[in-house]
Amino acid sequence: MISSVEAWFKGRGWTPFPFQREVWRRYLAGESGLVHVPTGFGKTLAAWLGPVMEGAGAPGAAEVPSKRGDAPPLAVLWITPMRALAQDLVKNLREVTGEVAPGWLVEGRTGDTNSTERGRQSRRLPTALVTTPESLSVLLSREDAAERFAQLQCVVVDEWHELFGTKRGVQTELGLARLRRLAPGLRTWGLSATLGNLPEAMESLLGSGPGTDAGALVESDRRRALEVRSVVPREIECFPWAGHMGLRLLDEVAAALDSARTALVFTNTRAQAERWYQALCYARYDERDRIALHHGSLDREQRAEVEAGLAAGRYRAVVATSSLDLGVDFSPVDLVVQVGSPKGIARLAQRAGRSGHAPGLSSRLLCVPTHALELVEFAAAREALERGDSEPRAALQRPLDVLAQHIVTVAVGGGFLPDELLEEVRTTHAFRDLSDEEWTWALDFTRFGGETLAGYERYARVVEGKGGKLVIASRRTARDHRLNIGTIVGYGSLDVKFRGGRRLGTIEEVFVSRLRPGDAFTFSGRSLELIKVEDAAAIVRVASKPATLVPRWFGGRMPLSSELAKAVRRAMSSVKETLRTGETSGAPELDGVAPLFARQAAVSRIPEPDELLIERVRTRDGDHAFLFPLEGRIVHEGLAALLAWRATRAAKVTVTQAVNDWGLELVTRTELPVGDDEWAELLTPEGLLEDLLACLDGSGLARRHFREIARVSGLVQQGLPGARKGQRQLQASAGLVFDVLTEHDPENLLLEQARREVMERTLEFSRLRAGLEELRSRTIHVERPGSLTPLGFPLWAERVRERVSSESWEDRVRQMAERLQARSSVAAAPHPATPGADRQSVTGERRKDA
DNA sequence: GACCTGCTGCGGTATG
């Protein structure tokens, strides 16, 4: 049989790669598995899939007849996390396999798929379907789901690393378990980029049902050369306050773009993308039409145009956020620029992989630091990439909101027998440890909303039908449920529109609320003037003057990953070594920041990987303690709150805090009552959870987070399309339900889930705990530099920002930087380091000078 | 023209 695959490739003038042969051999033997493919091999994959698709599940099997009437039923299902990918894949497959119409369809939204195609699909599915996890759920919610999927032979999940570890991933797992029940013998294959825990990712993809124990992890033999370089500023500032925009290096970046055919410029935030787009248009004014902008708050249509332009090679540069991390292949791209730290090894690899798609080309990546310490992060990330390190993804455990949604989906899709569904659900990785109690609870929840809500008709979604089967309560409930399928919950945002009605994208309510009509801001690369706010839309016109105000959005917080943090510690050791020996470290970035670390070493200490550095400094502001655990900003936030709380339990003092990815700062007007030998005690992981809940208003956090759980589980509905319930209203109804449950049903499992998720997501609790455990084995060094150090200074600036108005902040930070700089040029010899005269090491001793 | 962080992703009704 494998020979027919060979023939398939040969007929197209291709030779399959060894890993493709391996996949095929296993596929034909009826196995399932996960293929580990580095990013940027999309076309190759289309080719890999070609024979499956064409042979409707088995290469060499009957060709798909060209007439619709006798086409075989759905045989191959391909799931991608993005609709654009689905559409692109269908296009590629058509090119690769020739027209296999009309069996190839993309299931999409009403607005995207024309109604005749959709109508056809509702009668009968195509032979091969490319779709999303949400659409799979919608398909499973059709009454005849069982028949429709009965002939399914193969399901492929693309970009599994994107879905794994998320609620969308769990939704996919549940859908796959359902499919395996409906189509016994179904083979499941996944494609994943590099991930720290691929075996677990595979387990979760395949589940534990019959026929899935023969899972194979196939390593691709494809590797692409990667060239990572950084812009190293000639003059390094020892006191890097310059913020996170990075525009100081605009000229260098513009020059790099000149040497590239097409470049992607990645930034970490949308506001940053807007600014960089503006700045690049300014720097290369004649080419401004060939520069584009792309981020998640821009209108879909506009983004699609940019994507098409990229693929066609119409642009010199596109400035983007993670919105272009995934998506179709842009072969013309031959340079990727990363502005600001990537914060993770995998993210850097992913972005690098967006360039050099033509065979034989290598990926070129140019890193642009936005302040001096980021040079260390870049050097560290490259070293980690070379070592082959990558971040693992934590699998989600028993998210009951997703389970509740799935139960209703199955009830709508023809109904179920409870015992059978339980057995099926337990074959998924996410629910393998689901207890009987949890199951009963989830089931009751869909039947009457649980104890507290029983009696309200709208919570009785599932009822007993014929033969003990549980089915959906009414047609109306079924419709409402379909409208609520999915696990992505958005934030309150307003459309930005021209008076004529053309939509530009969305901005946050909070931002608009601070504007008055007539105010101008930059958005979508244009200067816009606000006319009025009307029906959840900000109506704008083109402003006559350039605007400097840029909207800010609430987004993820992207802390430095643990793996990258480890690499940063190694990099610091290597700088230390360089300073000692006077030889180069081999990394230009590290050589570049050496003067900064020389200063650090002179006045304080460069922490070794097995040390925790604490700096105590007195300034006019008061008493400072700087700690550098290097655990990422989210952990530092929790830790700062915890330390402040623990430190002041006895004494009454007000502690202000600041954090960044490297460390945290605690400041008190009077003395911070912590002796040098007391830090270890304050940092103990014992009683961590209780203390955190006590000092962080755990229930307030949980209440806000409950909105997502209420939406996913179906407790609150978001209304009909077009007449979408406002997010604020959604928050309000979810808050109400939260309060009712808290009062009358405190043991409610969804409340518990909200508390659990908030701990993990907004506090990274596991990482914090692990970090504290590790700190136990580290040696604590308390240093007393005479002034702020290079490591401490950014934290000082960060904290000051929160208290002063915008203009004076910059002034103040600049003045302080200059003052320190002046002092340091007297005190510290540049390179190699000499012990500073103002250094006072009092490790282990109690402070006396307060 | 002036730098003060925060990303991404999806779906659905009804009638002619």
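This is a predicted model: local features need pLDDT of at least 70, side-chain atom pairs count only at pLDDT 80 or more; totals for chains, interfaces and linings use all residues.
Residues are numbered from 1 along each chain as its sequence is written, chains are lettered from A and ligands numbered from 1 in the order in which they are written, and side-chain values use heavy atoms, leaving out hydrogens and water.

**The sheet**

- Six strands, in the order β8-β13-β12-β9-β11-β10, form an open sheet with parallel pairing; strands (E, at least two residues) and helices (H or I, at least four) are DSSP runs numbered from the N terminus, and two strands pair if DSSP finds at least two bridges between them.
- At the edges are β8 and β10 (291–294), each pairing on one side only.
- From one strand to the next, the twist averages 20 degrees, with axes fitted to C-alpha atoms (for helices over the stretch in contact) and angles running from 0 to 180 degrees between N-to-C directions.
- Strand β13 (residues 363–368) has 5 of its 6 residues buried, where buried means under 20% relative accessible area, exposed over 50% and partly exposed in between, using a 1.4 Å probe and protein chains only.
- Strand β13 pairs in parallel with β8 (residues 226–230) over 5 bridges, and Val228 stands opposite Leu365.
- Strand β12 (residues 333–339) also runs parallel to β13, joined by 4 bridges, with Gln338 opposite Cys367.
- Helix α12 lies across β9, β10, β11 and β12, at about 175 degrees to β10.

**A buried threonine**

- Thr267 sits in the loop between β9 (262–266) and α12 (270–283), and it is buried, with a relative accessible area of 0%.
- A polar atom of the Thr267 side chain lies 3.0 Å from the backbone oxygen of Thr269.
- Leaving aside residues up to four places away in sequence, Thr267 touches Gln272, Ala273, Trp276, Val319, Ala320, Thr321, Val339 and Arg351.

**A helix pair**

- Helices α15 (residues 373–387) and α22 (residues 562–581) pack at about 110 degrees, with axes 8 Å apart.
- That angle makes α15 roughly perpendicular to α22; 65 to 115 degrees counts as roughly perpendicular, under 35 as roughly parallel, over 145 as roughly antiparallel and the rest as oblique.
- Residues of α15 including Val376, Ala380 and Arg387 meet residues of α22 including Leu564, Val568 and Arg570.

Conventions:
Contact means heavy atoms within 4.5 Å. A polar contact is a pair of N or O atoms within 3.5 Å; within protein, one must be able to donate a hydrogen and the other to accept it, and residues adjacent in sequence count only if both atoms are side-chain atoms.
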